[in-house]
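These are my notes from going through the model below. I wrote each entry as I looked the item up.

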Amino acid sequence: MNIPQEYKELTWQGLWKNNPGLVQLLGLCPLLAVTSTVVNALGLGLATLFVLMCSNATVSLIQKWVPKEIRIPIFVLIIAAFVTCVQLLMNAFAFSLYESLGIFLPLIVTNCAIIGRAEAYASKNPVKQASFDGFMMGMGFLFVLLALGAVREVLGQGTLFDGADLLLGQWASNLRIEIFALDNQFLLAILPPGAFIAMGFLIAAKNVIDTKIAEKQPKVQDEHIERVRVNFDS
Amino acid sequence: MAYWIASSPHDHQQSKTSALMRLVIYATIPGIFAQWYFFGWGNLIHISIAITTALVSEFFILSLREKNIRSQLFDGSAILTAILLGISLPALAPWWISVLGSLFAIAIVKQLYGGLGHNVFNPAMAAYVMLLISFPVQMTSWQPPLSLMALELDFYNTVSVIFTHYTQQGYSVEQLQMHVDGFTMATPLDTLKTSITLGKTVEESLQTPVIGEHFGVGWQWINAAFLAGGLLLIAKRAISWITPVTFLFTLFVCTFIAFLLSPDTNASTMFHWLNGATMLGAFFILTDPVSGATSTKGRIIFAALAGFLVFVIRKFGGYPDAVAFSVLLCNMAAPLIDQYTRPRTYGHK
């Protein structure tokens, strides 16, 4: 399969090198606030992914007609329109999840990761690349949310996928895994400070992996410039 | 002959960190002894669990950070943190409370911020607050003084309660907290807070066996013992007298004004001084040279802020005692205080 280099680069940037959660540290507010369980994280991650893709595509489509001076309000309007769509859809089809996400669902509008991508990438690139970039950035954000949600849910309640039926329907209640039974919840992991601490550890883990990779790369030898003395006298 | 030019301060104190730490550890002994005398073996067991965990986790982190293990592991700072944490835990808390607490104190609060001398927060108090907000039930399972307990509690039973939640005869922690008359007992500060919420006056609420004739059975002597240990530290010049004196004075001013305004809803100064962690906080926690303010003026502001916060949280807050919370809040304020109280260099304006 022949994937153009451009798309490979976009994937690498979105999922790892320029990950919105771990490297750009954008959209931390929902990232830290709703990741107390995997299911909440998944719900918000999917919503953000959808909004990011749609807004990137739209921004890229209309880039020729947007006056430079008022581009930010226009981007915000576009994003807000898609967030409203997501909000109404979730209200209709996943009401309990809609309730547990609460204010953080409409707050996707203010997620800097989305407006950042619209400004930095989508408004300058063709629609195909822009929507692909939105998809990959959204996936990167979703993975960070899931990792954080999993860590906090296991530490806090000892379970995984608790309440999956809120998002996926009745059959999903079987997905709930009880890793270990706790007599009492470890509240710190569920409360916001735990989110900050876990996030710090995730970023540290990413940095460790990056340094390990960098160490393994063969070192590029510095090219020595040989100076030749030219003696004109001789 | 070459002159060695050193930068200020020129008056060096030659004692090392470990010697200072050892002195502070010795100074806690009277308080620990009073705790043992009035409340039994619980805190001693917690202190030993905490020291073990602290040393193990310090060892692991130091080897991860490729530091000199031998000199830093036994400089006494980890042991002191563990002792302070063990003192402040409820005597009948389960064993994993002190394990988690000292692990958090050493690994996260101390070493992740850069080790001894770089921690922003006081490790023992940060760990205590972490435990208090994470495990409210276990962290409020205070044991009544031995003289008031309906059941006998010897060393083996205490070990058994801490590790299995039950004594060898099968009594649970909840049963151990019962008074002879069959009601659960709390600390004096907690009792006072609950009774005042129920609409009693201070004088009425002090009429319980937990408080006894003066300010709290056992608690008054524990605080007095920590005061004695603290005075020893001041006499040995290990800590400056400014911090504890300012702290206690501010607490005195606040409680005195409140008491004058409304004696029915405010306990007396002596009650505040001799209950909870007041003396431990004044002499052993607030005087932490790393996480506190540096200059004399800064220390005065730092300690006064702590005293005021202790009063405010004890009076209006949701938790009965406040020393840990106010110490953490003051730790956050310490860099700002230092910024504004920088001593004037001679010759500069």
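This is a predicted model: local features need pLDDT of at least 70, side-chain atom pairs count only at pLDDT 80 or more; totals for chains, interfaces and linings use all residues.

**Entry 1. The end of chain B.** Before placing anything relative to a helix, I note that helices here are DSSP runs of H or I with at least four residues, numbered from the N terminus. On that basis I looked up B:Gly347 and found it in the segment after α17 of chain B. B:Gly347 has 5 C-beta neighbours inside 10 Å, so I put it down as exposed. I also took its distance to B:Trp36, which is 311 residues away along the chain, and got 54 Å between the C-alpha atoms.

**Entry 2. Confidence.** For chain B I noted a mean pLDDT of 84, with 91% of the residues at 70 or more. Within chain B the lowest confidence is in helix α11 (residues 202-205), with a mean of 72. The highest is in helix α4 (residues 77-88), at 92.

**Entry 3. Contact between the chains.** How many residues does each chain put into the contact? I count six residues from chain A and six residues from chain B. On the side of chain A that touches chain B, five are nonpolar, one is polar and none is charged.

**Entry 4. Helix α6 of chain B.** I then turned to helix α6 (residues 123-134) of chain B, which has twelve residues. Its first and last C-alpha atoms are 16 Å apart, close to the 16 Å expected at 1.5 Å a residue. Is α6(B) mostly covered or mostly open? It is mostly covered, since I find eleven of its twelve residues buried. Among the buried ones are B:Pro123, B:Met125, B:Tyr128, B:Leu132 and B:Ser134. I looked for what they pack against and found a helix of the other chain, α9 (187-190) of chain A. The partners in chain B are α4, α5 (95-111), α7 (136-139), α15 and α17 (323-340).

**Entry 5. Helix α12 of chain B.** I repeated the length check on helix α12 (residues 219-235) of chain B. At 1.5 Å a residue its 17 residues should span 24 Å, and the end C-alpha atoms are 24 Å apart, so the two agree. Its buried residues include B:Trp219, B:Trp221, B:Phe226, B:Gly229, B:Gly230 and B:Leu233. I listed α1 (17-39), α10 (188-197), α13 (242-261) and α15 (278-285) of chain B among the elements that cover them. α12(B) is followed by B:Arg237, where I read a positive phi, near 65 degrees.

**Entry 6. A helix pair in chain B.** Next I took α13(B) with helix α16 (residues 296-316) of chain B. Their axes come within 8 Å and cross at roughly 40 degrees. I noted the crossing as right-handed. From α13(B) the contact uses residues including B:Thr246, B:Phe247, B:Leu251 and B:Cys254, and from α16(B) residues including B:Arg299, B:Ala303, B:Gly307 and B:Phe311. By class I have twelve nonpolar, six polar and two charged residues in this contact.

Entry 7. Most residues other than glycine have a negative phi. With 7 C-beta neighbours inside 10 Å, B:Glu66 is exposed.

Entry 8. Is A:Asp133 buried or exposed? I find 27 other C-beta atoms within 10 Å, and the cut-off for buried is 20 or more, so A:Asp133 is buried. It lies in helix α7 (residues 127-157) of chain A. Leaving out residues up to four places away in sequence, A:Asp133 touches A:Leu10, A:Gly14, A:Asn56, A:Arg117, A:Tyr121 and A:Ala122. A:Met53 is 80 residues from A:Asp133 in sequence, yet I get 7.7 Å from C-alpha to C-alpha.

Last, I looked up A:Phe196, in helix α10 (residues 192-216) of chain A. A:Phe196 has 12 C-beta neighbours inside 10 Å and counts as exposed. Its C-alpha atom is 9.6 Å from that of A:Ala33, 163 residues away along the chain.

Conventions. Residues are numbered from 1 along each chain as its sequence is written. Chains are lettered from A and ligands numbered from 1 in the order in which they are written. Helices (H or I, at least four residues) and strands (E, at least two) are DSSP runs, numbered from the N terminus. The expected span of a helix is 1.5 Å times one less than its number of residues. Two residues are in contact if their C-beta atoms, placed from the backbone, lie within 7 Å. Ala, Val, Leu, Ile, Met, Phe, Trp, Tyr, Cys and Pro count as nonpolar, Asp, Glu, Lys and Arg as charged, and the others, Gly among them, as polar. pLDDT is the predictor's confidence in each residue, from 0 to 100. Axes are lines fitted to C-alpha atoms, for helices over the stretch in contact, and angles run from 0 to 180 degrees between N-to-C directions. A crossing is left-handed if the near helix is turned anticlockwise from the far one by less than a right angle, and right-handed if clockwise.
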